[in-house]
Amino acid sequence: RKTGEPIKGATRKEMITRHLKNVKPGKALHGRMLDDLNDLINTAGLENANITWNPRRDRKQSGPFLVDAVVNVTEKASAGFSGGGGISAKGLQEGGLSALLANADYFRRNLFGRCQTLTARVEISPNNLSSKPEIDVRIAHSDPWIGDSSRTSRRIFLDSDSSTLEQIYAKRDDARDDDDHDAHGNGSSDVSTGVNGSGDGTVAGDGPRGVFVKRITSGVEYRRPLAPSWTGTFSATYQRAMLHDDLKQPIFLDAYGSPLTFSGEKHDTSVNMMMRFVYEGRGRDEAQLVVSAEQAVPVRPEMLAFNRLMVRAQRDFRFGRGARLTVAAKGGNVIGDLPPYEAFSIGGTSSVRGYTEGGVGTGRKFIVGSLEVAVPLARDSVNGCVFFDIGSDLKSGVSVLGDPGGTRGKPGQGYGYGAGVVALTPIGPVRLEYAFSDKGVGRVHCGLSRNF
């Protein structure tokens, strides 16, 4: 109550006691009780929890003293609306006003007294190439612990996500500085993001501009700890991907007459099974390893069938005076049906700096490596860094439908180097970097953190 008096909560008793492994009737008190409380707060989504002790004698006056443990729980607000705005990581990669977004959220906590959560979110962001904004919707039901002995969590979700494919269908990064021929012996590949629904050779600027993909994805995801520092995830999803222009009209071909979908229709559908294993090492030298394997199962003949494998590794080495060396690498491969919008894009802030997003190439395979040295410029607030990135599509660009990288004269491999500053803010690290590509072209990169 507002007066501060306790009231009966909505959380079921068993949802609380299952976390108290070190507080059991008739058992000796254990020093790890604080771990139980932290686990209760973090997993059950409570605002606070504490234990008070009430000593008393046994019913027999000559019996020993007993201690009653009383668990006091403070629940968070059960439901509410919120709204706001900000900068999206996806929009920062796309550039322009698309980095801005406004959002409205609804949440419902502690459903049925079982610590489950229902969330709904609507995001609206400007479109650089259209007067019509992009609207994305996300609905999710989360259960932090389904009740098994392995501490498995579950999330059921429905997502609607729109994004530009400029990183695939934009012209080569150095076209303005280089007049050599493209990979197919043609002249300068200035046509890039123009779309052509009829295959008549319409160039960019003669109508609709830009290529966009709207993915509607629904599914279920299970996650559980496997061992110290290891977690595993399994998900099953259904996805429908539709291609459209900046006027929201369906499109089938790019500016060179190549199909935008694998099926040749206005959308592709797939049923995907994915497993991901993550290792996160803590301590002085942090490390991370992510391995994922995804299989698209053709439940119906017209559905996609492919296997995608991805590996990402990163290791931090710390030295004196707060200096840090970060070594990172990632790679992937796709076997089977591969729509161009699912191909790997190489180049940009999250891979090879010094290039635009996707400026190195688009491939069925890829590998990217990065070295970065960071030193503190102002304690706990600003770091300076120098870096070197390199990446390649391993000559797999020609195996992507329509060869969007080769057609647009992208090199397929390249490297970049530069320097920057990282400001440590309450919303996360804000990075401002300047990098040169191996073509000698300089470029500014700005973003929140770095999603390598």
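**Exercise 1: Getting an overview**

Find what share of the chain's contacts with a separation of 6 or more comes from residues 24 or more positions apart, then describe the chain as a whole.

*Solution.* Start with the contacts: of those with a separation of 6 or more, 56% are between residues 24 or more positions apart. Keep in mind that this is a predicted model. Next, look at the secondary structure, which consists of 5 helices and 20 strands. Then turn to burial: the chain has 452 residues, and 40% of them are buried. Finally, the accessible surface is about 23900 Å², with 57% of that area belonging to carbon and sulfur atoms.

**Exercise 2: Checking a helix**

Work out what span helix α2 should have, and compare that with the distance between its end C-alpha atoms.

*Solution.* Helix α2 covers residues 33-44, which is 12 residues. The expected span is 1.5 Å times one less than the number of residues. For α2 this gives 16 Å, and the end C-alpha atoms are 16 Å apart, so the two agree. As a next step, pick out the buried residues of α2: they are Met-33, Asp-36, Leu-37, Leu-40, Ile-41, Thr-43 and Ala-44. Just past the helix comes Gly-45, with a positive phi of about 70 degrees.

**Exercise 3: The surroundings of Thr-326**

Decide whether Thr-326 is buried or exposed, and find its polar partner.

*Solution.* First locate Thr-326 in strand β13, residues 324-336. Buried means under 20% relative accessible area. Thr-326 has 11%, so this residue counts as buried. Its side chain makes a polar contact of 2.9 Å with the side chain of Asp-316. Leaving out residues up to four places away in sequence, Thr-326 touches Gln-314, Arg-315, Asp-316, Ser-370, Leu-371 and Glu-372.

**Exercise 4: Following salt bridges**

Count the salt bridges, then trace which parts of the chain some of them join.

*Solution.* The count is 22 salt bridges. One of them pairs Glu-123 with Arg-138, whose closest N and O atoms are 3.2 Å apart. Glu-123 sits in strand β5 and Arg-138 in strand β6, so the pair ties together parts 15 residues apart in sequence. Glu-123 is buried at 17% relative accessible area, while Arg-138 is partly exposed at 27%.

Now try Arg-353 and Glu-433: their closest N and O atoms are 3.0 Å apart. This pair links the loop between β14 and β15 to strand β19, 80 residues apart. Arg-353 and Glu-433 are both buried. To finish, note the network in which salt bridges with shared partners join Asp-105, Arg-121, Glu-123, Arg-138 and Asp-161.

Notes: Residues are numbered from 1 along each chain as its sequence is written. Side-chain values use heavy atoms; hydrogens and water are left out. Helices (H or I, at least four residues) and strands (E, at least two) are DSSP runs, numbered from the N terminus. Buried means under 20% relative accessible area, exposed over 50%, partly exposed in between (1.4 Å probe, protein chains only). Contact means heavy atoms within 4.5 Å. Accessible areas come from the Shrake-Rupley method with a 1.4 Å probe; for residues, only the protein chains shown count as cover. A polar contact is a pair of N or O atoms within 3.5 Å; within protein, one must be able to donate a hydrogen and the other to accept it, and residues adjacent in sequence count only if both atoms are side-chain atoms. A salt bridge is a side-chain nitrogen of Lys or Arg within 4 Å of a carboxyl oxygen of Asp or Glu.
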